[in-house]
Structures are given as structure tokens and as C-alpha cells.
Amino acid sequence: MKISDVVVYEVKPRWIFVKVVTDEGYEGWGEMISGTKTETVVSGAKEMGNYLLGRDPFEIERLWQEMYKSFFRGGPINGTIVSGFEMALWDIKGKYYNLPVYEFLGGKARDSIKVYSWIGGDRPDDVAREAKARKDMGFDAIKMNATEELHYIDSYDKVQAVVDRVASIRQALGDGFGIAVDFHGRVHKPMAKVLARALEPYHLMFMEEVVLPENEEAFREVANHVATPLATGERLVSRWQYKNLFTQGAVDIIQPDVALVGGILETKKIVAMAEAFDMAAAPHAPYGPIALAATLQVDVCSPNVFIQEQSLGIHYNKGFDLLDFVQNKEIFQYKDGFVAVPDKPGLGLIIDEDMVKAVSAEGLQWSNPKWRNYDGTMAEW
Ligand SMILES: [Mg+2]
């Protein structure tokens with residue numbers, strides 16, 4: 001079998017889908033992250049797609065090595081392009097052999113996958129009501145953003161506001177309810193310590209990206225201040241960027257993104273390495289249906305994945321949601337806060353390509369919000 005064509009679609013709300021076609025009629029779907037660089041990623045995908053033409057789609061490891069290991073390597077743009085193609089290759093292989101991808105990666109290690117739901121958006125308000133609504137839907141864990149913009153040193157009123165919001169959820173839903181707080185890389189080291197300690201009494205499931213990963217030495221400092229599990233990893237690209245996290249030991253939960261880190265097998269390798277350091281995994285998946293389906297394949301065969309992010313109803317997905325491009329919508333039906341192990345071949349998805357084409361024709365322009373501090377300086381989003 002040979003790869004005969006590659007088609008790239010950019011679709012709202014902020015997703016890039018890629019279809020890899022073979023000369024025997026098998027097709028695989030992958031997803032890339034636009035990440036405010038949609039045209040760049042689409043161009044790069046077309047360029048790399050040309051390189052794949054005529055190649056054997058089953059030689060996934062060899063193709064991965066060749067896609068990843070160019071002289072200019074690394075970075076999120078290359079990472080998401082490699083990832084999108086890699087998951088499409090797995091989709092082809094699974095469909096050809098009529099097996100879900102996880103059957104090639106060790107098979108089932110679990111009966112179901114626990115999922116959490118986002119609440120609150122970027123400017124969280126009345127989160128207790130939202131968390132209660134999610135609990136009524138069956139979820140027993142949520143994640144929310146901690147703060148709005150926060151300067152290097154900022155007001156303790158903002159810290160207290162975060163504490164009040166978290167406390168309102170804890171009070172409304174009790175000690176057993178899982179609450180994760182995403183600092184989103186918005187917080188600098190001086191305030192990260194303050195915020196982490198202020199939130200510690202509320203027994204969070206985890207605190208995420210308490211600082212940006214480029215400030216990774218601060219993870220140890222925050223870890224020395226609080227007993228709350230720390231999570232990070234959604235911006236890291238490949239095993240090589242994870243090495244220091246493992247050896248430093250300050251972080252407890254890794255959050256690799258299958259659409260950034262190099263695809264399904266690379267995610268599996270990273271999650272397996274985390275297991276060797278007694279670390280948990282909660283893979284990052286706030287994007288579209290193909291990336292989530294690919295992530296679930298890793299979850300099924302990875303015992304240290306304890307919970308999965310998913311984007312149904314997430315505040316980023318304006319106008320479209322997770323199920324809009326999927327024909328077999330039952331794949332993402334959650335029951336009592338869990339999603340069932342997928343059983344269809346490949347990634348398990350049946351993509352509605354007519355819908356993809358129609359929405360793709362409208363184009364995509366997505367950029368993350370631009371925030372400023374009280375003095376006009378740029379604030380991290
Ligand atoms: Mg995050």
C-alpha cells in the first residue's frame with residue numbers, strides 16, 4: 001500500500017484536520033493544532049504531505065523518525081504537523097487490520113476512562129453553579145482557570161477571589177468532588193507560590209501549569225511549598241522536552257498532547273516513561289474530535305492515565321462543538337463521568353467529510369486573546 005494523497009482542512013472553531021489517502025482506498029484522519037498560526041501549519045502540512053506521497057503508511061516509526069528528525073527540528077509547528085500525520089497513519093493501519101489502534105500498543109489496560117469537564121472559561125464567575133450542573137450530568141471532576149491576567153506581583157484581592165471561587169465549589173459539592181485549577185502559564189513565580197499555598201487547603205485534584213514550562217525550575221520551588229499534585233506538559237514537544245520533567249521530579253502529572261507531542265506512539269512512549277517515575281498522566285485534549293479519539297487510544301492501554309480532558313462544551317469552541325464533524329457521535333457519550341473504551345477500527349471515528357468540506361470552505365481565523373495588565377504591559381493568556 002502507498003500513500004497517494006494528502007488533504008488538509010482548516011475548520012472552525014480552531015481546528016485543522018488532515019486526511020491521508022492510500023492507493024488501496026484506505027483513508028486515515030489526523031488533527032493538527034492551529035495555535036494562532038493556522039496558515040503556517042497548513043502550509044507545513046502540505047509540504048510534509050508531499051514528502052509522504054508514495055510511502056508505505058504502515059511504516060509509522062520510520063516515517064515518524066524522518067518527519068521529526070530534519071536538521072531544523074522541534075517546535076510546536078513541526079510537532080503538530082508530525083502528530084497529525086502520525087495519527088492518520090495509525091487510523092489507516094487500524095482500519096486495514098480491522099482493529100482499534102490500542103490493540104497494536106498492548107491492548108486494554110482498563111474498562112473505562114474517567115473524564116473531566118471544563119467550567120468557568122477564561123473569566124470564571126459563578127463556578128459553583130456550573131460545577132453543580134456538571135455533577136448533575138454525571139461528572140465528578142471539573143477543571144477551571146484560576147485567574148484572569150496577573151502581573152509579576154499583583155493584588156492579594158485577586159488571590160482571594162480565586163480562593164473564594166474554589167471554596168464555593170468545595171462547599172457546594174463536598175470533599176469527594178475533583179477540582180483542578182489551571183494557572184494556564186498566566187502566573188509568574190512570585191505569585192505562583194502565593195496562589196498555590198492559598199489553594200492548598202481545598203485539596204485540589206491538581207494545579208496545572210503553575211508557571212510556564214520555560215520557567216521549569218520554578219516547579220520545584222512551588223512543589224516545595226505545597227503538597228497539591230502539580231501537572232504540566234501540554235506545550236512540550238516530544239520525549240526530549242519531557243526528559244528534565246522526569247528527572248527533576250517536581251511535577252506529579254504529565255499532560256502530553258497527542259496533537260503536539262508527535263502523535264499516538266510518542267504519547268504512549270512518554271506516558272510509559274512517566275510510569276517509570278511513578279508519575280500519573282492526564283493527557284491534554286481541549287481541541288477537536290480526531291485528537292480526542294487519538295488520545296483515547298493511548299488512554300486505553302496506559303494504566304497511569306487517571307483522568308482525561310475533553311472539550312465538550314468548552315468555552316473555546318465558539319459556534320462548533322466536538323460532535324459536529326462526527327457521524328458516530330456515541331464515541332464521545334459520557335456516562336457517570338466516564339467514557340467507554342472505543343471499539344471501532346483505527347481511531348474509532350467516522351468523520352462527516354461533507355460537513356468538514358462545507359465548514360472548511362469558510363476558512364479559519366483564530367487567535368488567542370491579547371491581554372494587558374493594569375499598567376499596559378502584556379499579560380500571558
Ligand atoms: Mg492547560
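Visitor: Is the crossing of α5 and α6 left-handed or right-handed?

Guide: A crossing is left-handed if the near helix is turned anticlockwise from the far one by less than a right angle, and right-handed if clockwise. The crossing of α5 and α6 is right-handed. Note that this is a predicted model: local features need pLDDT of at least 70, side-chain atom pairs count only at pLDDT 80 or more, and totals for chains, interfaces and linings use all residues. Residues are numbered from 1 along each chain as its sequence is written.

Visitor: At what angle do the axes of α5 and α6 cross?

Guide: Two packed helices are described by the angle between their axes and the distance between the axes. Helices (H or I, at least four residues) and strands (E, at least two) are DSSP runs, numbered from the N terminus. Axes are lines fitted to C-alpha atoms, for helices over the stretch in contact, and angles run from 0 to 180 degrees between N-to-C directions. Here α5 (residues 156-173) and α6 (residues 189-199) cross at roughly 30°, and their axes come within 10 Å. That makes the two helices, α5 and α6, roughly parallel. The scale is this: under 35 degrees is roughly parallel, over 145 roughly antiparallel, 65 to 115 roughly perpendicular, and the rest oblique.

Visitor: Which residues make the contact of α5 with α6?

Guide: Residues are in contact if their C-beta atoms, placed from the backbone, lie within 7 Å. From α5 come Val159, Val162, Val163 and Val166; from α6 come Val194, Leu195, Ala198 and Leu199. By class, that is eight nonpolar, no polar and no charged residues. Ala, Val, Leu, Ile, Met, Phe, Trp, Tyr, Cys and Pro count as nonpolar, Asp, Glu, Lys and Arg as charged, and the others, Gly among them, as polar.

Visitor: At what angle do α1 and α3 pack?

Guide: Helix α1 (residues 38-52) and helix α3 (residues 76-97) pack at about 50°, with axes 10 Å apart. They are therefore oblique to each other. The crossing of α1 and α3 is right-handed. Thr40, Val41, Gly44, Ala45, Met48 and Leu52 of α1 meet Ile77, Thr80, Ile81, Gly84 and Phe85 of α3. This contact of α1 with α3 has seven nonpolar, four polar and no charged residues.

Visitor: And how far apart are the axes of α2 and α3?

Guide: The axes of α2 and α3 lie 10 Å apart, at an angle of about 170°. The pair α2 and α3 is therefore roughly antiparallel. Ile60, Leu63, Trp64, Met67 and Tyr68 of α2 touch Val82, Phe85, Glu86, Leu89, Trp90 and Lys93 of α3. By class, the contact of α2 with α3 has nine nonpolar, no polar and two charged residues.

Visitor: Now the sheet. In what order do the three strands stand?

Guide: Strands pair if DSSP finds at least two bridges between them. The order is β1-β2-β3, in an open sheet with antiparallel pairing. β1 (3-11) and β3 (27-33) are at the edges with a single partner strand each, so one side of each has no neighbour in the sheet. The twist averages 20° from one strand to the next. β2 (residues 15-22) pairs with β3 over seven bridges. Ile16 has Met32 in β3 as its bridge partner. Helix α1 packs on the sheet and touches β1, β2 and β3; its direction makes about 175° with that of β1.

Visitor: Which peptide bond is cis, and where is Glu209 found?

Guide: Most residues other than glycine have a negative phi, and most peptide bonds are trans. The bond from Lys12 to Pro13 is cis, with omega near 5°. Pro13 is placed in the loop between β1 and β2. Glu209 has a positive phi, near 40°. Glu209 sits in the loop between β7 (206-208) and α7 (217-225).

Visitor: What are the bounds of the two domains?

Guide: Domain bounds come from an automatic or database domain assignment. Domain 1 is 3-101 and domain 2 is 103-343. Their centres, taken over C-alpha atoms, are separated by 26 Å. In domain 1, 29 residues are in contact with 27 residues of domain 2. On the side of domain 1 that touches domain 2, the largest share, ten residues, comes from α3. By class, that side of domain 1 has 17 nonpolar, seven polar and five charged residues.

How values were computed
Contact = placed C-beta atoms within 7 Å.
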